[in-house]
Amino acid sequence: MDAITSTADILLVEDDDAEAELFARMALSRAPECTVTRVSSGRQALDQLERHPLPDCIVLDLRLPGEDGIWVLEQLLGNAGWRTIPVIVFSGDLSRLGPASSQYPNVASSVRKPHTLEEYEATLLIVCAIVGATVSR
């Protein structure tokens, strides 16, 4: 599996503190010079995109407080400067995971969040590999 590109700039949109910390730790262990910027809501994600340099990719949870991940995907597609940012949907919401992957062309991949901690690290390795492949395109 490809590693995360060492200088990748990742925007993580995740409202769960423990999951965000675990993702950041895993990404930085695979690529210590990458940057993981975390926001916890859809509105914060757009604010981040408006005020800072664009990330190389976005890792997006679908269940977010307020404006959810589907709303974020729609906003990204509606903005010419944002629609080419690759998005990796990382969510436990199975009812929307498939539709998000198939209906939004900016979704590079989707990964279902696991239910147990033992599965979580293995799943994060897959997400990190997808980020690496997506960013290196």
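Q: In which sense do strand 3 and strand 4 pair?
A: Strands are DSSP runs of E, at least two residues, and helices are runs of H or I, at least four residues; both are numbered from the N terminus. Two strands pair if DSSP finds at least two bridges between them. Strand 3 (residues 57-60) and strand 4 share 3 bridges, and the sense is parallel.

Q: What is the mean pLDDT of the protein?
A: This is a predicted model: local features need pLDDT of at least 70, side-chain atom pairs count only at pLDDT 80 or more, and totals for chains, interfaces and linings use all residues. Residues are numbered from 1 along each chain as its sequence is written, and side-chain values use heavy atoms, with hydrogens and water left out. pLDDT is the predictor's confidence in each residue, from 0 to 100. Here 94% of residues reach 70 or more, and the mean is 87.

Q: Which element of the protein has the lowest mean pLDDT?
A: The highest mean, 97, belongs to helix 2 (residues 42-51). Where pLDDT is low, predicted coordinates should not be read in detail. The lowest mean among the elements is 78, in helix 5.

Q: What is the strand order of the sheet?
A: The sheet is open and has 5 strands. Strands of a sheet pair through backbone hydrogen bonds, either parallel or antiparallel. Here the pairing is parallel, and the order is 2-1-3-4-5.

Q: Which residue in strand 2 stands opposite Leu12?
A: Strand 1 and strand 2 run parallel and are joined by 5 bridges. Between them the chain passes through helix 1 in a right-handed β-α-β crossover. A crossover is right-handed if, with the strands pointing away from the viewer, the path from the first strand over the helix to the second runs clockwise. Opposite Leu12 stands Arg38.

Q: Which helix lies on the path from strand 4 to strand 5?
A: Strand 4 and strand 5 (residues 107-112) are parallel, with 5 bridges. In strand 5, Val89 has Ser110 as its bridge partner. The crossover between the two strands is right-handed and goes through helix 4 (residues 94-103).

Q: Which residue is the bridge partner of Val87 in strand 5?
A: Val87 belongs to strand 4 and has Ile58 opposite it. Strand 3, helix 3 (residues 69-77) and strand 4 form a right-handed β-α-β unit. In strand 5, the partner of Val87 is Val107.

Q: How many residues of strand 4 are buried?
A: Buried means under 20% relative accessible area, exposed means over 50%, and partly exposed lies in between (1.4 Å probe, protein chains only). Val87, Val89 and Ser91 point one way, Ile88 and Phe90 the other, and all are buried. For strand 4 (residues 87-91) the count is 5 of 5.

Q: At what angle does helix 5 run to strand 4?
A: Helix 5 (residues 117-135) lies across strand 1 (9-13), strand 3, strand 4 and strand 5. Its angle to strand 4 is about 170°.

Q: How far apart are the C-alpha atoms of Leu22 and Glu121?
A: Leu22 lies in helix 1 (residues 17-30). Beyond four places in sequence, it is in contact (heavy atoms within 4.5 Å) with Leu117, Tyr120, Glu121 and Leu124. Leu22 counts as buried because its relative accessibility is 11%. Leu22 and Glu121 are 99 residues apart along the chain, yet their C-alpha atoms are separated by 8.1 Å.

Q: Where is Pro55 placed?
A: Pro55 has contacts beyond four places in sequence, including Leu49 and Ile85. Its C-alpha is 7.8 Å from that of Ala8, 47 residues away in sequence. The place of Pro55 is the loop between helix 2 and strand 3.

Q: How many disulfides are there?
A: A disulfide is a pair of cysteine sulfur atoms within 2.5 Å. Cys34 counts as buried because its relative accessibility is 6%. Its sulfur is the nearest cysteine sulfur to that of Cys57, 9.3 Å away, and Cys57 is in no disulfide. The count is 0.

Definitions and conventions
Axes fitted to C-alpha atoms, helices over the stretch in contact; angles between N-to-C directions.
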